[in-house]
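Please look through the sequence and the model that follow, and then read the paragraphs below alongside them.

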Amino acid sequence: MPPNKSENPPSLLREATRADHLILTEIDRAASKAPWPAGVILAELESPDTRTFLSLEPNEFRPVAFAMVSVTGDEARLINIATRPDQQRQGHAMALLARAREVALEHGARYLKLEVRRSNQPAQGLYAGFGFVRIGVKPLYYIATREDAIAMILELAPRKGRLHRERNIGQHT
């Protein structure tokens with residue numbers, strides 16, 4: 001019987017470098033309805049506030065997924081995460097989320113935020129399973145596809161009382 005893909009999570013992550021920008025662009029184009037331009041990916045790779053990690057396919061060690069996390073003050077943001085469609089549901093995104101959480105904690109962030117397309121139910125389920133909670137809606141956040149975003153947050157440092165209540169956050173500019 002073939003092994004269950006979920007039993008074989010990726011074991012290898014590495015930090016991306018400027019030289020990886022075309023690989024990241026290729027993964028994003030394969031995975032996203034509205035991929036980022038190569039120049040935007042390169043700019044994030046060069047940003048001192050952003051850390052980018054690649055998940056490698058465990059047998060061939062080829063990059064199949066990536067995540068970008070930005071930390072400023074006590075806030076960390078998962079600004080992009082993408083997995084090649086043929087590698088989805090194999091643990092790559094979960095490993096990258098765990099690394100993003102580690103980076104946020106290492107830099108003293110109290111929470112990790114993200115936005116996800118309203119239509120992307122599988123990703124919303126992944127994030128909820130990781131501990132993210134929905135805090136609101138950003139109408140028409142994804143301008144190219146005219147789609148709302150669901151804003152989610154993961155508390156890294158507990159606070160007294162509830163951290164956030166769900167609300168309509170307003171239009172992204």
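## An aromatic cluster and the cores around it

Both Tyr127 and Phe132 are buried, where buried means under 20% relative accessible area, exposed over 50%, and partly exposed in between, with a 1.4 Å probe and protein chains only. This is a predicted model, in which local features need pLDDT of at least 70 and side-chain atom pairs count only at pLDDT 80 or more, while totals for chains, interfaces and linings use all residues. Residues are numbered from 1 along each chain as its sequence is written, and side-chain values use heavy atoms, with hydrogens and water left out.

The structure holds three aromatic pairs. The rings of Tyr127 and Phe132 have centres 5.8 Å apart and planes at 65°, so this pair counts as edge-to-face; rings of Phe, Tyr and Trp (its six-membered ring) pair if their centres lie within 6.5 Å, and planes under 30 degrees apart count as stacked, over 60 as edge-to-face and the rest as tilted. Through ring pairs, Tyr127, Phe130 and Phe132 are linked into a cluster. Another ring, that of Tyr142, has Arg117 lying over its face at 4.1 Å from the ring centre, under the criterion that NZ of Lys or CZ of Arg is within 6 Å of the ring centre and within 35 degrees of the ring normal.

The protein has four helices and eight strands, which are DSSP runs numbered from the N terminus (H or I, at least four residues, for helices; E, at least two, for strands). From the N terminus on, the elements run β-α-α-β-β-β-α-β-α-β-β-β. Of the 173 residues of the protein, 42% count as buried. Among contacts with a separation of 6 or more, 62% are accounted for by residues 24 or more positions apart, contact meaning heavy atoms within 4.5 Å.

Which residues touch the most other members of the largest nonpolar core? They are Leu78, Ile81, Leu112, Tyr127 and Phe132, in a core of 27 residues; such a core is a set of buried Ala, Val, Leu, Ile, Met, Phe, Trp, Tyr and Cys residues joined through side-chain atoms within 4.5 Å. At least two residues of this core come from each of β3 (63-72), β4 (75-83), α3 (92-106), β5, α4 (121-130) and β7, and α3 gives the most, with six residues. Leu112, when residues up to four places away in sequence are not counted, touches Val69, Ala76, Arg77, Leu78, Ala100, Arg101, Phe132, Met152, Ile153, Leu154 and Leu156. Apart from this core lies another, of 11 residues, among them Ala16, Ile27, Ile41 and Leu56.

Strand β7 (residues 147-155) is mostly covered, with seven of its nine residues buried. Strand β5 (residues 111-117) runs antiparallel to β7 and is joined to it by seven bridges, two strands being paired if DSSP finds at least two bridges between them. Within this pairing, Leu154 in β7 is the bridge partner of Leu112. Strand β6 (residues 133-142) also runs antiparallel to β7, through six bridges, and here Arg134 stands opposite Met152. β6 and β7 form a hairpin with four residues between them, and Arg146 in the turn has a positive phi of about 50°.

In α1, His21, Leu24, Thr25, Ile27 and Asp28 are buried. Seen down the axis of α1, these buried residues fall within an arc of 165°, so they line one face of the helix, the arc being that of the directions from the helix axis to the C-beta atoms. On the other side of α1, Leu22 and Arg29 are exposed, whereas the buried residues of α1 pack against α2, β2, β3 and β4. In helix α2 (residues 38-46), Ile41, Leu42 and Leu45 are buried. These three cover an arc of only 100° around the axis, which puts them on the same side of α2. An α-helix has 3.6 residues a turn, so residues three or four places apart point the same way. What covers the buried residues of α2 includes α1 (21-31), β2 (50-56) and β3.

Finally, Asn80 lies in strand β4. Asn80 is buried, with a relative accessible area of 10%, and it touches Asp28, Trp36, Phe66, Ala67 and Met68, not counting residues up to four places away in sequence.
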